[in-house]
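Visitor: Please guide me through this model, one question at a time.

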Amino acid sequence: MPSLVAHGISLYYEQRGTGRPLLFFNGSGATLAGSEFLLQVFAQTCEVTAHDQRGLGRTDIPPGPYTMADYANDAAALLSVLGIKECAVVGISFGGMVAQEFAVRFPHVVTRLALMCTSAGGDGGASYPLHELADLAPTERAELGMHLLDTRFSTAWLAEHPSDQFLVDSMANRASNSLSSEQMRGTAEQLRARSRHDVFDRLPAINVPTFVAGGRYDGIAPPANSEAIAAQIDGATLRLYEGGHAFFAQDRAAFPDILDFLGE
């Protein structure tokens, strides 16, 4: 699989699908190796370009600190090297934060913008400070993580909803993947950049069709944060779904709505 040097670092990227070009930004700690499902969904209708963001996966782990501008600039440099002048942009969770930063920095590149389970920071509300989870005992971290994923989740709820139990187990397995000390540093740098994210006051500069999607029971990026983003972007469409931070895996209406928006 290909890597290229852009913005001074080696970026691992993948392209798949055919159709309109789409740039995909992944969530906190997520790599392309663990995102096959998401990539395949968008590749049904688009030519998807996605990369392991700095500090993660098979991309370089440069010295920190990282900024949200670094993540946006990495993506812009990748598109430039690949010769992609315009594209739709989709960002999920942390990737939605980067997508917002990208859209206000490179408005000439973005044709449509889909923001999923994310936050603008500042007066628009911040996502839960995930960097603080590292200080918790494993049992406490697992219990809080379950509640953040979906505020309805409890032992009793999961016993009655096996599909949600499968979701919790899947997220736990992904989080338990062993990382080298350098990969742990890269992940920590990403979380620190995330904690300083604030694009809210710049969002009115976005003037492309925008779809903001969130889960009604999201404990990481609560519905109020999605509502704040949509209110800042002229003409933005807001949809709240029956689920939590992974609403797109819980509510069957979510992906068809997002794909329809991208195809308009």
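Guide: A cavity is a set of points on a 1 Å grid over the protein atoms alone where a 1.4 Å probe fits but cannot get out. Its volume is the space filled by probe spheres set on the points, which are joined across faces, edges and corners. The model is predicted, so local features need pLDDT of at least 70 and side-chain atom pairs 80 or more, whereas totals for chains, interfaces and linings use all residues. Residues are numbered from 1 along each chain as its sequence is written, and side-chain values use heavy atoms, without hydrogens and water.

Visitor: What is the volume of the largest cavity?
Guide: The structure holds one cavity of 30 Å³ or more. Its lining (residues with an atom within 4 Å of a point) consists of A103, P107, V110, A205, I206, N207 and V208. The volume of the largest cavity is about 30 Å³.

Visitor: How many helices and strands are in the protein chain?
Guide: Along its principal axes, the C-alpha trace of the protein chain spans about 50 × 40 × 35 Å. Helices (H or I, at least four residues) and strands (E, at least two) are DSSP runs numbered from the N terminus. The protein chain has nine helices and eight strands.

Visitor: Are α1 and α9 parallel or oblique to each other?
Guide: The axes of α1 (residues 36-43) and α9 (residues 254-263), which are lines fitted to C-alpha atoms over the stretch in contact, come within 10 Å and cross at roughly 45°. The contact (heavy atoms within 4.5 Å) joins F37, L38, V41 and F42 of α1 to F255, I258, L259 and L262 of α9. On the scale from 0 to 180 degrees between N-to-C directions, angles under 35 count as roughly parallel, over 145 as roughly antiparallel, 65 to 115 as roughly perpendicular and the rest as oblique. The two helices, α1 and α9, are therefore oblique.

Visitor: Which residue is joined to P65 by a cis peptide bond?
Guide: P65 lies in the loop between β4 (46-51) and α2 (68-82). With omega at about 0°, the cis peptide bond joins P65 to G64.

Visitor: What is the phi of S93?
Guide: S93 is found in the loop between β5 (87-92) and α3 (94-105). This residue is other than glycine, yet its phi is positive, near 60°.

Technical notes
1 Å grid on protein atoms, 1.4 Å probe; cavity = no way out; pocket = protein on both sides within 12 Å on 5 of 7 lines; lining within 4 Å.
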